[in-house]
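Please read the following report alongside the sequence and the coordinates.

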Amino acid sequence: MGVGGTLEYISELIGSGGSHSYGKRKKKKQFQTVELKVRMDCDGCVLKVKNSLSSLKGVKSVEINKKQQKVTVSGYAEPSKVLKKAKATGKKAEIWPYVPYNLVAQPYIAQAYDKKAPPGYVRKVDPYATTGTMAVYNDDPSYTSMFSDDNPNACSIM
């Protein structure tokens, strides 16, 4: 090991706080954006939520849209911790449940349509989930024989 190798080794020890970096490396948190829906009625509520979330370790910015009840938190904080901190303010909070309506195949089905959603948004729905409705086949011949294209006089309603 020459002088250059010794200096690299010493600087690595000093830079890592004295622990060897040969074994486990500390996993770096990923920068992410967390969107929440938080019920806020007044400017005091907005300030309370903003101050609370800003104090969270790793949070770089907090943006609040009071009209949409939307809070956007950017930083290195985990979404579960951000949600927990928002709920700790006493406000009703959940992960942002809406997506733009043009990203949903059927935006006006009962599961997706939400009257409380901001304009241009619908609720996130699983595209593979069944709706719970099922087509029922009725083999009663009276309905099918009531109308016939072959025999126009067969209409029994008139």
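The model is a predicted one, and every value below was computed from it.

**Sheet and helices**

The strands considered here form an open sheet of four, in the order E2-E3-E1-E4, and their pairing is antiparallel. Strand E2, covering residues 59-65, and strand E4, covering residues 93-95, are the edge strands, each of which pairs on one side only. On average, and with direction ignored, neighbouring strands of this sheet are turned by 25° against each other. Helix H2, made of residues 43-54, packs on the sheet, where it touches E1, E2 and strand E3 (70-75), and the direction of H2 makes about 165° with that of E2. Helix H3, made of residues 79-87, also packs on the sheet, touching E1, E3 and E4, and its direction makes about 30° with that of E1.

The pairing of strand E1 (residues 32-38) with E4 is antiparallel and runs over three bridges. Within this pairing, Glu94 in E4 is the bridge partner of Lys37.

| Residue | Relative accessible area | Class |
|---|---|---|
| Ile14 | 65% | exposed |
| Tyr113 | 48% | partly exposed |
| Thr72 | 16% | buried |

Thr72 lies in strand E3, and its relative accessibility of 16% falls under the 20% cut-off, so Thr72 counts as buried. When neighbours within four places in sequence are left aside, the residues in contact with Thr72 are Thr33, Val34, Glu35, Ser61, Val62 and Glu63.

Ile14 belongs to helix H1, which comprises residues 3-15. Because its relative accessible area of 65% is over the 50% cut-off, Ile14 is classed as exposed. Together with Tyr9 and Ile10, Ile14 forms a nonpolar patch on the surface, and the accessible area of these residues together is about 290 Å².

Tyr113 is located in the loop between strand E5 (98-100) and strand E6 (121-123). With a relative accessible area of 48%, Tyr113 lies between the cut-offs of 20% and 50% and is therefore partly exposed. Once neighbours within four places in sequence are left aside, Tyr113 is in contact with Pro107 and Tyr108. Tyr113 and Lys124 are eleven residues apart along the chain, and their C-alpha atoms are separated by 9.3 Å.

Technical notes:
Residues are numbered from 1 along each chain as its sequence is written. This is a predicted model: local features need pLDDT of at least 70, side-chain atom pairs count only at pLDDT 80 or more; totals for chains, interfaces and linings use all residues. Side-chain values use heavy atoms; hydrogens and water are left out. Two strands pair if DSSP finds at least two bridges between them. Helices (H or I, at least four residues) and strands (E, at least two) are DSSP runs, numbered from the N terminus. Axes are lines fitted to C-alpha atoms, for helices over the stretch in contact, and angles run from 0 to 180 degrees between N-to-C directions. Contact means heavy atoms within 4.5 Å. Patches are made of residues with over 30% relative accessible area and no salt bridge: like charges are joined within 9 Å, nonpolar side chains (Val, Leu, Ile, Met, Phe, Trp, Tyr) within 5 Å. Accessible areas come from the Shrake-Rupley method with a 1.4 Å probe; for residues, only the protein chains shown count as cover. A salt bridge is a side-chain nitrogen of Lys or Arg within 4 Å of a carboxyl oxygen of Asp or Glu. Buried means under 20% relative accessible area, exposed over 50%, partly exposed in between (1.4 Å probe, protein chains only).
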